[in-house]
Amino acid sequence: MKKGNLTFTIFLTVLAASLLPLLVFGFYIISFNKSLLKTEFNDKLKSYNAVISEDVNNFIEKNRISAETFLTAHAAHGTADISSFPNDINNFLDLSKHITGISFLDYRGAEVGSYGMHYGVDYADSIPLIVSTSVQNGQIYVGMIKKNPIKRTLSLTLGIPVKEGLIPGGKGAMITEFNMKSLEDELSGDLQKDFFAMIFTKSGFLIYSSDNGLATSLSSGYKDKIALLSQRAKNGETVTVSDKKYLGVLTVNQSTGWLVYTERPASVLDKFLIASVKSSLSYILGIFAAVFLFAMFMSFYFSGVFVRPVRAMTKAVKLVEEGKINELPSLPVPDNEVGVLSISFGRMLDSVKLKFDALAQDQRDLEELNQSLEIRVGSRTKELRTALNELIKKERLAAIGQMASIVSHEIKNPLAVMSNSLLLMKARLGENADPRVLKNISIIEQEIHQANGIIEEILGYARSRDQIFTVMDLSLYVREILSSFPMPQNVQVSTDFYKEQLPVRIDTEEMKQAVRNIINNSIEVMPEGGQLLFKTKFENDKAILSIRDTGPGIPKDIQEKIFAPFFTTKARGTGLGLAVVKKVAARNNVEIILQSEVGKGTQTNLLFNLHKEAL
């Protein structure tokens with residue numbers, strides 16, 4: 001293209017009009033990505049700092065609950081003073097391995113009892129604060145951290161308020177010394193790659209670092225850093241710390257007053273930023289190349305559309321001005337759009353009808369193609385919907401697994417504490433206890449057992465293990481299950497087993513749980529008793545196990561829902577029994593067919609694939 005040519009002018013105009021917004025957009029994208037990455041980097045640091053601080057809170061809370069559970073158990077018996085249960089305190093120390101010593105203070109700060117392998121806790125310097133915090137204000141006192149030079153561990157002193165009645169003279173405080181090894185265990189599960197965490201006191205004592213664990217003394221490697229960080233800490237605020245090498249976040253733990261510091265190498269952020277810039281530049285360069293080609297195409301396109309036709313029309317006008325109209329149709333105009341138009345004009349009318357017919361045919365072809373596409377799109381949509389449903393099921397199962405893990409962690413621990421407390425109470429009460437008290441304790445134990453059973457049922461549904469397949473006779477397999485099942489006396493069991501062998505290939509443990517769940521469900525709907533019929537047969541190349549009860553039956557509008565997780569019509573229960581049956585059946589290629597009639601009972605049919613190789 002020559003400079004000054006209309007085509008070249010069009011090219012420069014289109015290119016300039018396209019590149020200017022592209023440059024602005026590219027600069028904005030790079031700046032936005034940098035800002036977004038820095039914000040995300042800081043948010044992850046703050047989140048990690050919050051996790052570490054929460055671990056500290058959990059450590060303090062667990063130890064507080066352990067000590068207060070012991071006090072609550074004895075307060076419930078109305079014990080007069082601390083001298084009445086020294087054996088229970090020693091037993092409590094033996095059971096609580098993380099507690100190394102216990103001492104008791106009265107309301108004046110005088111020691112009234114000391115127990116443990118260290119013969120009491122060294123807290124003499126902290127007595128005024130303990131009396132003020134725990135005795136007078138009724139709050140938890142978090143004391144000093146001390147090291148054990150023999151066992152190379154750290155210990156923490158906590159002051160727990162003691163209500164009137166357990167210490168002579170009124171209120172008091174229970175001073176406990178805890179081994180901080182459990183804090184290290186709590187933190188180790190939350191450590192992350194490329195993150196560094198450190199916990200220390202305002203006085204400069206290093207408690208924990210993610211690279212060395214618990215520290216028994218101030219590490220010289222962190223001494224200067226701890227001194228600088230201690231000066232910047234502010235209660236209730238998150239302080240951002242940055243230098244050339246690291247980016248960090250500093251907070252004050254509200255439960256203990258300890259300082260929690262987390263950091264991450266600045267090089268990690270630099271890598272993210274460089275990668276982001278490279279990605280953005282690659283994207284912008286790709287767009288630039290596309291814009292350049294687009295500008296070239298548009299310049300040639302407009303040149304062909306406007307420049308060349310104008311020249312041809314100018315030449316045609318000159319021929320008309322010269323009076324050579326009769327010669328116009330026969331003018332040789334090679335590669336000239338106006339000349340081609342003039343020659344083709346006479347033929348245009350004749351070809352319109354042909355073009356119209358061709359267009360109509362094309363339209364019919366297009367409609368057929370659209371119908372074909374609609375069918376294919378509908379088929380693909382159905383496939384996608386099926387895949388989406390499977391994905392939703394997997395996501396629900398993953399969510400249930402997470403919930404099961406949380407339930408197991410957050411509920412089983414308190415249940416264990418309650419169970420231990422009941423053991424202490426029963427040991428304290430002895431054999432001559434009030435029968436009504438023992439009955440109430442038994443009720444509590446049954447409820448704890450019920451709660452543990454529910455948790456195990458949730459965990460059983462969420463967990464999946466590798467299957468172990470075994471080939472065995474279906475009738476024999478059902479006999480073995482019935483022989484070990486604790487059947488109620490008011491339920492009559494009858495069997496009708498197929499005379500010949502029905503070999504099936506299944507995971508026997510999984511299917512045993514599924515069959516037992518069906519039996520349990522049948523028994524629960526017959527509280528006044530009834531009949532259970534177990535029948536095996538061979539039909540349509542399938543080995544079939546039928547379990548029929550004489551319960552109230554299941555309404556049709558509920559039959560499709562009973563295998564859904566957490567759906568139940570019972571007053572108590574998780575709704576996972578039949579959901580486990582459905583899951584196990586799917587894993588073992590077993591089909592479930594439910595037949596139920598209200599007022600007559602329910603029959604559950606399990607259709608197994610016959611293992612023909614064993615015949």
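**Note on selected features of the predicted model**

1. At 47% relative accessibility, Asp541 counts as partly exposed, a class that lies between buried, under 20% relative accessible area, and exposed, over 50%, with a 1.4 Å probe and protein chains only. Asp541 sits in the loop between strand E15 (530-539) and strand E16 (542-549), where helices (H or I, at least four residues) and strands (E, at least two) are DSSP runs numbered from the N terminus. Although Asp541 is not a glycine, its phi is positive, at about 60°. Most residues other than glycine have a negative phi.

2. This is a predicted model, in which local features need pLDDT of at least 70 and side-chain atom pairs count only at pLDDT 80 or more, while totals for chains, interfaces and linings use all residues. Residues are numbered from 1 along each chain as its sequence is written, and side-chain values use heavy atoms, with hydrogens and water left out.

3. Asp194 likewise is not a glycine and has a positive phi, of about 70°. Asp194 is placed in the loop between H4 and strand E6 (196-200), and with a relative accessible area of 40% Asp194 is partly exposed.

4. Helix H7 (residues 337-429) contains Leu369, which is partly exposed at a relative accessible area of 46%. Together with Leu366, Leu373 and Val377, Leu369 makes a nonpolar surface patch of about 350 Å². Patches take residues with over 30% relative accessible area and no salt bridge, joining nonpolar side chains (Val, Leu, Ile, Met, Phe, Trp, Tyr) within 5 Å and like charges within 9 Å; a salt bridge is a side-chain nitrogen of Lys or Arg within 4 Å of a carboxyl oxygen of Asp or Glu. Accessible areas come from the Shrake-Rupley method with a 1.4 Å probe, and for residues only the protein chains shown count as cover.

5. Arg428 is also placed in helix H7 and, at 38% relative accessibility, counts as partly exposed. Between Arg428 and Ala73 there are 355 residues in sequence, yet their C-alpha atoms are 9.7 Å apart in space.

6. The second largest pocket holds about 740 Å³ of space, and among its 24 lining residues Lys62, Ile65, Ser66, Asn413 and Val417 lie nearest its centre. Helix H1 (6-75), helix H2 (86-95), helix H4 (181-188) and H7 are the elements that each give two or more residues to this lining. A pocket is an open set of points on a 1 Å grid over the protein atoms alone, where a 1.4 Å probe fits, with protein on both sides within 12 Å along at least five of seven lines, and lining residues have an atom within 4 Å of a point.

Definitions and conventions. Grid points are joined across faces, edges and corners, and a volume is the space filled by probe spheres set on the points.
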